Amino acid sequence: DRCWYQGKAQDTARTSIAFWTSRPQWPRPPALRGLSIRVAVHVEGPVAMAKAMVLLLAGTSALGALAACPGGGVTMHDRCWYQGEAGASCHATCKGKGLSFSHYVAGEAAPMVPKLMNREPGTRQFPWARLECYVPGSDRYHTAKERSDGSAGDKGDAGDWAVDVCRLSCPCTQGAAVPSPPVTPGAPYPGCVEQNSVMRHAGAHAIFVDMSAFGSAGCWQNDCKNTDKFNADDMGICARTCAQIDECTHWVYGDQEDAKKCFLRKSDAGREAAEGWLAAPKACAPPAIPDSYLAFVSGNILLPCDGGKSDKCPDMARAITTWRFAIKHLKRATEGKVDPNTINFINQISDDTDAFAAQMSEDNLPVVAGNNRQVFLALASWMDSQPKPTVDANDASLPNPVRGLLCGASSCYEKVSS
């Protein structure tokens, strides 16, 4: 983070002193970022050394003056920040300082309004638009978020947005303007996923529910039955999980503890900018797979296990996890569509399979599998007549049975080799 220069020699070099300025610098064009100023002077003798130090210290002060944001702005996030006048856009505010608008969301944890005002206003309100808005008439402010609320009217370039009562917190920089990210909430997945965005729990926004059907590692306190997160190999798994959990309104995907993780949220109030993270609302997910299709393909994958544990079915735990997945989706698919007697049979095999999962034995696996198969055979024609989606077996967001594999020992989204 330095600019380097080589000065002209005044005398024969015998002693060399050099240092780097450590004062904060106002944001520079991309071509100059990553550079810094090095001052080097070559001197002879102690008297010359003392004179050189005076010159160097004076030079440092001058460089410090140049380093400040023009017009008294606040340096943060590699930008100069200013509080605009009420009703002014950030393009106008930045232009007035001889700079260009460069969109950035500071986030809920460290908003810019208190920094620009050197105090906390009387009331802090929910994030509303892509820029922070301070309302002087009532001494209150809204924090910012990556995607604005519909009521804000912030739909185009964030730098053009303005509200009569708002003094906006404007991020500016020298050089070409950096546009705000496009607002495309209605785009199909994955175009609706927000890039470089995270939604923090912040003590209030997470949901803690049973996610053991979707993940088996990386959960809060290692308890996947009461967690807001789990390890997931693909962001689509995260999106599908949120879509199936009633309490979830938003999902987040990113790296934590050397693993890719999914986080579920009940609001987007904790949104912040974070490089490499992905976030989206509940509706932003791959197309749902019909329950009847999930039940049908899962039942077919289990055919080699009907006779019990064998070379073709060596892992009882994986077989039973797959049966439980198949029956769960069969129950959903048949709700309100088959007669009560059939529903009773489905509930019976569900209870029996859960009981077997709690205490597995090789002797009883053929019995449980045989009872399950009778029900699935009775409904095979009905399941086969239901709508079938077009799927890609290489889609890592799909549960294992749709990809032609048994579930893992704990979850049908576990990565397995065969």
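## Confidence

A contact means heavy atoms within 4.5 Å. For the protein, the mean pLDDT is 84, with 81% of residues reaching 70 or more. Residues 10-43 have a pLDDT below 50, and this stretch has 89 contacts in the model beyond near neighbours in sequence. Where pLDDT is low, the predicted coordinates should not be read in detail.

This is a predicted model, in which local features need pLDDT of at least 70 and side-chain atom pairs count only at pLDDT 80 or more, while totals for chains, interfaces and linings use all residues. Residues are numbered from 1 along each chain as its sequence is written, and side-chain values use heavy atoms, with hydrogens and water left out.

## Nonpolar cores

A nonpolar core is a set of buried Ala, Val, Leu, Ile, Met, Phe, Trp, Tyr and Cys residues joined through side-chain atoms within 4.5 Å. Buried means under 20% relative accessible area, exposed over 50%, and partly exposed in between (1.4 Å probe, protein chains only). The largest core holds 26 residues, of which V193, F230, I245, W251, Y253 and L264 touch the most other members. Two or more residues come from each of α4 (235-244), β12 (250-256), β13 (259-265) and β14 (271-281); helices (H or I, at least four residues) and strands (E, at least two) are DSSP runs, numbered from the N terminus. α4 contributes the most to this core, with 5 residues.

Leaving out residues up to four places away in sequence, I245 touches I207, V209, M211, F214, L264 and K282. A second, separate core has 23 residues, including I320, A326, V368 and L379.

## Helix α4

α4 is largely enclosed by the rest of the structure because 8 of its 10 residues are buried. These are M235, G236, I237, C238, A239, R240, T241 and C242. The buried residues of α4 pack against β11 (229-231), β12, β13 and β14.

## Largest pocket

The largest pocket is lined by 24 residues, with S212, A213, R324, F325 and K328 nearest its centre. α6 (316-334) and α7 (340-358) are the elements that give two or more residues to this lining, and α6 gives the most, with 7.

Methods:
pLDDT is the predictor's confidence in each residue, from 0 to 100. On a 1 Å grid over the protein atoms alone, a cavity is a set of points where a 1.4 Å probe fits but cannot get out, and a pocket is an open set with protein on both sides within 12 Å along at least five of seven lines; lining residues have an atom within 4 Å of a point.
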